[in-house]
Amino acid sequence: MNKLCKLFSAALLLAAAATAAQAQVERNVIHTVAIGDIGYTAKDEKATVGNVLGALATSLVTGKTSQQQPDYADGVRASIVKGLGNVTRLKVFNADDSGGGRPEAELKAEGTITNISTTTRTIPGDKAKDKKPYDEYNCLVNVTLNLTDARTNAVVDSRTFNISEGMGGWMSSAQKAITSSLSRLSAVITNYYNSLYPLSASIVERDQISKDKQKKVYIDLGSAMQAHKGQQFNIYYTRTIAGKEARMEIGRLKIEEVMGDELSLCKVTRGEKEVKDALDKGVRLLVTERF
């Protein structure tokens, strides 16, 4: 009997989630992005006596030397495109792609690579331990990306990404350092634009309640939007003031199990009492991805 009740409850939950599916799609609309020009414009310093002496002085003081790596500009562009392509709510393609299957772009991504340089430092040896000096390498990358409205050319967002010393790690070769920093660049870009276009959901059903605390709930977000176990969200109480939506965070939750295209079971990790009180009163709550 208990098994039949559980199956019936699960069916009701799936049906509730299905009725909210259209609203969920509208709330988490996918934006099409055309990748435009991302040029490399690092300053090309001439080998003057002043520049050479300046570089030598810097090397003597810091023990480090730097070198621009313009041959890796295409690798930086590829990392940028990869980072944008991993953003859940963005669908990217090259602006110069032809073919009838290409969607119309809503946004255009363009930018400037201002630095691709490797830094070398020498780690001193230790004669007592029979260790010879060796070199370590790090890669610095600086990129500015602009998102513009493809129809009006209005700037939607402008952001500079800096992979600074240590973010990519010190490596045993320049090639490894570049590879590490480019991987880091992709991850930083993905995280930033995921936070710029976060996923949102609604609580569609309660689950576990303990005394005056809401322990678990179901939200209308699932595998269709790449929801995954461990994903965290903020819970907001919302109301309209003078035609504007006002939000107040009252709790947090974390996905415990993805149960369908538009359904996940979540644990309330903060504000269990406040969430229960709000649900008891029928207050509209908004769930937004946390970064």
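**Strands, a helix and salt bridges**

User: Where does Asn-142 lie?

Analyst: Asn-142 lies in strand β5, which covers residues 134–149. Helices (H or I, at least four residues) and strands (E, at least two) are taken as DSSP runs and numbered from the N terminus. This is a predicted model, in which local features need pLDDT of at least 70 and side-chain atom pairs count only at pLDDT 80 or more, while totals for chains, interfaces and linings use all residues. Residues are numbered from 1 along each chain as its sequence is written, and side-chain values use heavy atoms, with hydrogens and water left out.

User: Is Asn-142 buried or exposed?

Analyst: Asn-142 has a relative accessible area of 18% and is therefore buried; buried means under 20% relative accessible area, exposed means over 50%, and partly exposed is in between, with a 1.4 Å probe and protein chains only.

User: What does the side chain of Asn-142 make a polar contact with?

Analyst: The partner is the side chain of Asn-162, at 2.5 Å. A polar contact is a pair of N or O atoms within 3.5 Å, where within protein one must be able to donate a hydrogen and the other to accept it, and residues adjacent in sequence count only if both atoms are side-chain atoms. Leaving aside neighbours within four places in sequence, Asn-142 is in contact (heavy atoms within 4.5 Å) with Thr-112, Ile-113, Thr-114, Asn-115, Phe-161 and Asn-162.

User: And α5, which elements do its buried residues pack against?

Analyst: They pack against α4 (73–85), β3 (90–94), β4 (107–123), β5 and β6 (155–163). The buried residues of α5 include Ala-177, Ile-178, Leu-182, Leu-185, Ile-189 and Tyr-193.

User: How many residues has that helix, and what span does it reach?

Analyst: Helix α5 (residues 174–196) has 23 residues and reaches 33 Å from its first C-alpha to its last, close to the 33 Å expected at 1.5 Å a residue, where the expected span is 1.5 Å times one less than the number of residues.

User: Switching to the open sheet, what is its strand order?

Analyst: Seven strands make up the open sheet, in the order β7-β15-β12-β13-β14-β11-β8, with antiparallel pairing; two strands pair if DSSP finds at least two bridges between them. The edges are taken by β7 (200–201) and β8 (203–206), each with a single partner strand, so one side of each is left without a neighbour in the sheet. Helix α6 (residues 272–280) packs on the sheet, touching β8, β11 (216–219), β12 (232–241), β13 (244–260), β14 (263–270) and β15, and its direction makes about 100° with that of β8. The axes behind that angle are lines fitted to C-alpha atoms, for helices over the stretch in contact, and angles run from 0 to 180 degrees between N-to-C directions.

User: Over how many bridges do β12 and β15 pair?

Analyst: They pair over five bridges in the antiparallel sense, with Ile-235 standing opposite Val-287 in β15. Strand β15 (residues 285–289) also pairs with β7, over two bridges and again antiparallel, and there Ser-200 stands opposite Thr-288.

User: Why is β15 described as largely enclosed?

Analyst: Because five of the five residues of β15 are buried, the strand is largely enclosed by the rest of the structure. Both of its faces are covered, with Leu-285, Val-287 and Glu-289 buried on one side and Leu-286 and Thr-288 buried on the other.

User: What does the count of salt bridges come to?

Analyst: The count comes to twelve, where a salt bridge is a side-chain nitrogen of Lys or Arg within 4 Å of a carboxyl oxygen of Asp or Glu. In one of them, Glu-136 pairs with Arg-121, the closest N and O atoms being 2.8 Å apart. Glu-136 lies in strand β5 and Arg-121 in strand β4, so this pair ties together parts that are 15 residues apart in sequence. Glu-136 is buried at 16% relative accessibility, whereas Arg-121 is partly exposed at 25%.

User: Which residue forms a salt bridge with Lys-216?

Analyst: That is Glu-256, with closest N and O atoms 3.0 Å apart. Lys-216 belongs to strand β11 and Glu-256 to strand β13, so parts that are 40 residues apart in sequence are tied together. A network of salt bridges also links Arg-206, Lys-276 and Asp-280.
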